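Please read it alongside the model.

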Amino acid sequence: MVDPRTPVLVGAGVAHQRSDDPRESDEALSLMTTAVERAGEDAHAPSLLAQAGVVFVPRGTWRYRDPGRIVAERVGANARTVVAELGVLQSTPFTRACRAIANGDLDVAIVVGGEAKFRDLRSHITGTAVADTGQDDDVVPDESIVPADEIIPAPERAAGFMSAPLMYSAVETALRTALGETVTENAHATAELWAGFSRTAAANPDAWRREPVSPEFLEHPSAKNPMLAAPYTKWHCSQWNVDQAAGFVLCSTEAADRAGVPQDRRVYPLAAVESNHMLAVSKRAELHRAPAVRIGAERIAGLTGIDVAACDLVDLYSCFPVAVRIQARELGLPLDDPDGRPLSVGGGMTFGGGPLNNATFQALARMVAMLRDAPGSTGLLTFISGIITKHGESVWSTAPPERDGFAFADTSTEVETGTPALEVVGDHRGVATIDAYTVAHEGGDPRYTTIVATTPARTRVVARNDDPDLAADMTVDEWCGRDVRVDGDRFSVGD
């Protein structure tokens, strides 16, 4: 007998479009509304939408002041609205909803996110104006969830170390050094991994890009796949110029029973953990590690007895190859599973699609369908905010929880204790040893290099060099472990 307060996901809906004429495309708000309506239909209980007590929406690139309010109005719900700002884990709307349902504070919740960046891109390219729904200046969500700490500290900003491709590619160099990979071996490994993700996307009917690519295409830069931030090319990176939305209906088991939701529609959140410990890239003593991932898995095992690495389905947050590689190492998951279990269910944020701040919603929608096709199976879905800093893990199944219902834990304190950190300084002048670096490209050509390095005093520095010849050399040779001279936020080589 399932406890009536057990939270359950009963409906998942997606909406996507791809038209070169922006006048033929819906705005993000319309895509989100469509996704929610489809989630109600997917539950076989559209009446649940009007019963929603809360609508959660993660912040996107759009300018709506409170999109959840309009979605609620369109589906007939008198609901509170919550916006999760950038820097908040994408798992948080789900964990907030599940905990409120389990505690008896909420019966039905809607979680929805979406983007229409491709529409915006086509509008800019074609010079065709398109309009979005407006809201009065005094409209605000009933609640905003905001991150507690800054993501990028001042020394990183001063060195221009701010974009996700630059930062993730630098972490990739630290990982390849820790693994003993050469530059060529690393390029091959990431290409093989990402080519596999493209094949997964090809089998996903809702993926943004469904044409598989070869490892050779990814490994060797070209006009169609230029280098952006060595060692990453364009198609190693998350693609956010997409028109995609996903919506979900979560409710208590008793609400699902009242609405007549069939048993085969029900997917249970078994457990979730979140770490909101914020540690900037340059402050991490071990750039190739993410202790939050291992700690989260251990906490889920302690709460539920579930080994997350043994789940039937796995979707690791996949904005860039190094995020997948680090998570897999922390969880003990092989990158090439001999049993044929890929590390993504939808194709990742490069091929499945990376709508800003809700790409995991696309993965969850795909996972829900796959779990329903294999009753009793389990799925692991992970979340990242920042540059592999905040981390969340969740486990889902068509079978209800076996212990005490939905389990949740905040691991932030444990992660902070278990993640060694260094002080970052902006005024160092002298020798430092490179721990990680990236080469920024413009028009496919190397332009400048940014390093993360450790001083003899065991402090960290972030510095930049604008010599394109040095940048070109650093794309082919390994520079991690070499000494350079640092002067504030700039570095040089030689005497």
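In α10, P291, V293, R294 and A297 meet Q327, E330 and L331 of α11. Contact here means heavy atoms within 4.5 Å. By class, the residues of this contact are 4 nonpolar, 1 polar and 2 charged. The model is predicted: local features need pLDDT of at least 70, side-chain atom pairs count only at pLDDT 80 or more, and totals for chains, interfaces and linings use all residues. Residues are numbered from 1 along each chain as its sequence is written, and side-chain values use heavy atoms, with hydrogens and water left out.

**Terms for the helix pairs**
- Helices (H or I, at least four residues) and strands (E, at least two) are DSSP runs, numbered from the N terminus.
- Axes are lines fitted to C-alpha atoms, for helices over the stretch in contact, and angles run from 0 to 180 degrees between N-to-C directions.
- Ala, Val, Leu, Ile, Met, Phe, Trp, Tyr, Cys and Pro count as nonpolar, Asp, Glu, Lys and Arg as charged, and the others, Gly among them, as polar.

**α10 and α11**
- Helix α10 spans residues 291-304 and helix α11 residues 321-331. Their axes lie 8 Å apart, at an angle of about 40 degrees.
- That makes α10 oblique to α11; angles under 35 degrees count as roughly parallel, over 145 as roughly antiparallel, 65 to 115 as roughly perpendicular and the rest as oblique.
- The crossing of α10 and α11 is right-handed, meaning that the near helix is turned clockwise from the far one by less than a right angle.

**α1 and α2**
- Helix α1 (residues 28-42) and helix α2 (residues 67-75) cross at roughly 45 degrees, and their axes come within 10 Å.
- α1 and α2 are therefore oblique to each other.
- α1 and α2 also make a right-handed crossing.
- From α1, L29, S30, M32, T33, V36 and E37 meet P67, I70, V71, R74 and V75 of α2.
- The contact of α1 with α2 has 7 nonpolar, 2 polar and 2 charged residues.

**Nonpolar cores**
- The largest nonpolar core has 100 residues, and V10, Y168, L316 and I388 touch the most other members.
- A core is a set of buried Ala, Val, Leu, Ile, Met, Phe, Trp, Tyr and Cys residues joined through side-chain atoms within 4.5 Å.
- A second, separate core of 36 residues includes F94, A97, I101 and F248.

**H277**
- H277 sits in the loop between β9 (268-275) and α10.
- H277 is buried, with a relative accessible area of 14%; buried means under 20%, exposed over 50%, partly exposed in between (1.4 Å probe, protein chains only).
- Not counting residues up to four places away in sequence, H277 touches T389, K390, S412, V415 and E416.
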